[in-house]
Amino acid sequence: MRSPVLTGAAGLVLVAAGYASAGPERVAFPNGYDTAWIKYTVVERPDRKIVRNMYVNPEAHAKAKAGEPIPDGTVLIMEDMKVKLDASGNPELGSTGRFVPTGEVIAIFVMEKRHGWGEAVPADERNGDWDYSSFAPDGIVRPNLNTSGCFACHMSRSGERDFTFTYAKVLLDQGKR
Amino acid sequence: MWRSVLAGTAICVAALPAGAAEHPIHMAGSSYTPATVEARVGDTLVFTNDDGDAHNVFVPTVAFSTDLGKQDPGKSTRLILTQPGTFEVECVFHQHMTARVNVSP
């Protein structure tokens, strides 16, 4: 994933020009993530009038929350969902003061970490062993997808954040890393 | 939590509630100044990009998390604080840019 963990600026920014060997085709659509995976945070994006629901696969999370580095096989999802708007067209706030999701998903961004995947990416653009993809709500890969922007944006969170904007930060804040 | 209001070309600024305060935060030199803010529920944070580079206001803290998007030089964004607690602010583009906001009831 702006984020995930990934977000607009902090998100999977998809632009033109990708990598010959790397690429979104090796990142599979995560069927059932919204019911079986762990939603670890929600990022509001007021300028786009959406929330970004962030998920992690439970197998990876079990290892990461035990204090291991974010493991091989980790998949992070950033699901963009529309929010309810008031009469003025601004996001409504729920009882907790947060945006109110409508349930309408408009995009699904995925970042997946597999041993050796980084070797297909030029060294100066490599995000460890992460790769990225983006899907329409029906699970179809977005046409003409190019993920070089994902790599560029997530590069800013190298080091202890392991190229993630939210996941490693959540673990750090919970004292899990 | 807070209510975020984008400013800049399309500014939507509500009148401040009685007793509420505004807290300006600058970005010159690729640093949030001040880097620590003490505020109260109902106050507004006003982030002004008075630097030469684009920046961002991204909050990674769970239950407060928000992303105001790319903020070009000269632009401002606003966050109205609606919940007590402590959260961090980061620039998506510059990992070293951080701030902390403590919100009291």
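Over which residues of chain B does pLDDT stay under 50, and how many contacts beyond four places in sequence does the model have for them?

Analyst: This is a predicted model. The stretch you ask about is residues 5-14 of chain B, where pLDDT stays under 50. For these residues the model has 13 contacts beyond four places in sequence. Where pLDDT is low, the predicted coordinates should not be read in detail.

Chain B averages a pLDDT of 87. Of its residues, 84% score at least 70. Chain A has a mean pLDDT of 88, and 86% of its residues reach 70 or more. Chain A also has a stretch under 50, at residues 1-21. There the model has 99 contacts beyond four places in sequence. For the complex, the predictor gives an ipTM of 0.84 and a pTM of 0.86.

Next, the build of chain B. The chain has 9 strands and 0 helices. Chain B has 105 residues, and 41% of them count as buried. Take the contacts in chain B between residues at least 6 apart in sequence. Of these, 55% join residues at least 24 apart.

One loop of chain B deserves a stop. It lies between strand E2 (22-26) and strand E3 (36-40), and it holds Pro34(B). The peptide bond joining Thr33(B) and Pro34(B) is cis, with omega about 0°. Ser30(B) lies in the loop between E2 and E3 too. Its phi is positive, about 55°, although Ser30(B) is not a glycine. Is Ser30(B) buried, exposed or partly exposed? Ser30(B) has 14 other C-beta atoms within 10 Å, so it counts as partly exposed. The reason is the cut-offs: buried needs 20 or more such atoms, and exposed means 12 or fewer.

Move on to strand E5 of chain B, residues 55-59. Here 5 of 5 residues are buried. Both faces of E5(B) are covered. On one side sit His55(B), Val57(B) and Val59(B). On the other sit Asn56(B) and Phe58(B). E5(B) pairs with strand E6, residues 66-71 of chain B. The two run antiparallel and share 4 bridges. In one of those pairings, Phe58(B) has Asp67(B) in E6(B) as its bridge partner. The hairpin of E5(B) and E6(B) has 6 residues between the strands. In this hairpin, Ala63(B) takes a positive phi near 80°.

In soluble globular proteins, nonpolar side chains tend to be buried together. The largest nonpolar core has 36 residues. Those with the most contacts inside it are Met54(A), Val56(A), Leu76(A), Ile77(A), Val110(A) and Tyr167(A). Elements of chain A that give two or more residues to it include strands E1 (38-45) and E2 (50-56) and helices H2 (58-64), H3 (148-154) and H4 (167-173). E3(A) gives the most, with 6 residues. A second, separate core has 23 residues. It includes Phe58(B), Phe64(B) and Phe87(B), along with Phe165(A).

E3(A) also takes part in strand pairing. E3(A) runs antiparallel to E4(A), and 8 bridges join them. Met78(A) stands opposite Phe109(A) in E4(A). E4(A) pairs in turn with E5(A), antiparallel again, over 6 bridges. There Ile108(A) has Phe135(A) of E5(A) as its bridge partner.

Asp86(A) is found in the loop between E3 and E4 of chain A. Asp86(A) has 9 other C-beta atoms within 10 Å, so it is exposed. Asn144(A) is found in the loop between E5 and H3 of chain A. Why does Asn144(A) count as exposed? Because it has 8 C-beta neighbours inside 10 Å. Its phi is near 55°, a positive value in a residue other than glycine. Asp86(A) and Asn144(A) are 58 residues apart along the chain. Their C-alpha atoms are separated by 35 Å.

Definitions and conventions:
Residues numbered from 1 in each chain as written. Chains lettered and ligands numbered in written order. Contact = placed C-beta atoms within 7 Å. Core = buried A, V, L, I, M, F, W, Y, C linked by C-beta atoms within 7 Å. Pairing = 2+ DSSP bridges. pLDDT = per-residue confidence, 0-100.
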